[in-house]
Amino acid sequence: MTDSLPPAIAIRNLTKVYKGGKRALDGINLSIPRGQIYGLLGPNGAGKSTTINILAGMVNKTEGSVSIWGFDIDVNPRNAKNSIGIVPQEIVFDPFFTPFETLENQAGFYGVPKDKRRSMELLRAVHLEDKANAYARTLSGGMKRRLLVAKAMVHSPPILVLDEPTAGVDVQLRQQLWEYVRELNALGVTIVLTTHYLEEAEQLCDRIGIINHGKVITDKPTRELLAMAQEKVVQVTVDRDVTLVPDAPCFEKIELTGERTLTITYLKDRANAGQVLSAVQASGLAIVDVVTRDPDLEDVFLNLTAAA
Ligand code: ADP
Ligand code: MG
């Protein structure tokens with residue numbers, strides 16, 4: 001990707017105050033790079049859907065500016081809209097159309113000429129080929145979600161946004177959905193998704209933004225974010241049954257998790273694994289095995305949102 005191109009999405013000082021006075025977004029700034037899978041995380045009510053609905057043109061912002069693929073949503077609303085496909089959190093459908101008709105209607109709405117439409121191809125991609133002519137109301141929740149993904153892609157936008165795509169979707173379908181998202185990304189589509197599943201974000205996303213109470217808490221490459229987790233865990237197996245659990249200043253927490261296994265938590269800015277292991281040996285125990293656990297996003301998330 002060349003640096004001269006504008007980001008896929010640029011959000012500057014974005015504020016939303018709903019009627020009634022709820023300040024859902026309080027001056028957020030985000031720059032979502034082209035070609036990435038970007039995860040927008042945050043607890044319930046953080047402002048994720050508000051952000052996405054502003055991108056979709058479904059909610060009017062109060063202040064700030066938003067550019068999509070270089071197009072300002074106020075100055076070039078049509079180009080901005082054509083550059084993005086959105087799968088909203090709420091499933092809304094006209095129940096009287098078949099999946100095939102739903103996609104054809106959407107293509108018509110975007111002015112995609114008949115010979116450029118790829119409704120069947122899209123249905124195949126989301127594993128709904130055999131439901132092409134079924135009524136939408138006969139589809140399961142997971143199928144509807146996948147149909148919405150196909151619907152968001154009819155005009156072949158360079159950006160696909162999915163708001164909580166795996167809420168209420170079973171594990172197998174979730175895997176299929178992520179597989180498709182990865183395929184699209186490999187073809188060059190920039191992906192933005194919100195999710196509560198940190199593990200998923202960790203596995204899928206190149207970059208993660210966390211918002212809470214309408215403010216951006218962090219926006220970093222996933223790897224950097226993981227490196228920020230302070231707590232590290234080492235599991236130590238020793239050569240004999242432990243009768244007295246050792247203690248040392250470098251242990252944040254120590255637990256006997258087996259007759260010969262100690263699980264020790266330490267803070268990586270105050271100690272390192274070497275010190276922790278030396279402290280165990282200094283108590284007279286010999287170490288026969290060591291397992292370390294990498295911090296996950298859950299740790300980072302809890303630390304960051306607690307601090308905000
Ligand atoms: P998230 O998607 O992160 O769970 P939302 O963007 O849906 O959060 O909501 C952010 C805040 O704005 C919440 O406090 C929510 O109750 C409020 N909110 C969302 N939609 C509306 C609305 N249409 N009118 C008033 N308040 C709203
Ligand atoms: Mg939401």
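Tutor: UniProt positions are given in the numbering used here, feature names are shortened, and annotations may be inferred rather than shown by experiment. The UniProt record, an unreviewed entry, carries the annotation "domain: ABC transporter" over residues 9–238. The model is predicted: local features need pLDDT of at least 70, side-chain atom pairs count only at pLDDT 80 or more, and totals for chains, interfaces and linings use all residues. Residues are numbered from 1 along each chain as its sequence is written, chains are lettered from A and ligands numbered from 1 in the order in which they are written, and side-chain values use heavy atoms, with hydrogens and water left out.

Student: What makes Ser49 and Gln89 ligands of the magnesium ion (ligand 2)?

Tutor: Donors are N, O and S atoms within 2.8 Å of the metal (3.2 Å for Na, K and Ca); water is not among the atoms, so sites may look incomplete. Ser49 (OG) and Gln89 (OE1) coordinate the ion at 2.1 Å, and therefore both count as donors. Ser49 lies in helix 1 (residues 48–55) and Gln89 in the loop between strand 6 (84–87) and helix 3 (99–109), so the pair links parts that are 40 residues apart in sequence. Helices (H or I, at least four residues) and strands (E, at least two) are DSSP runs, numbered from the N terminus.

Student: Why is Gln89 called partly exposed?

Tutor: Buried means under 20% relative accessible area, exposed over 50%, and partly exposed in between (1.4 Å probe, protein chains only). Gln89 has a relative accessible area of 31%, so the intermediate term applies.

Student: How do you know that Glu200 is buried?

Tutor: Glu200, in helix 7 (residues 198–204), has 11% relative accessibility and therefore counts as buried. Leaving aside residues up to four places away in sequence, Glu200 touches Thr166, Arg174, Trp178 and Thr195; contact means heavy atoms within 4.5 Å.

Student: What makes Ser67 buried?

Tutor: Ser67 belongs to strand 4 (residues 63–68), and its relative accessibility of 10% makes it buried. Beyond residues up to four places away in sequence, Ser67 touches Ala8, Ile9, Ala10, Arg12 and Asp72.
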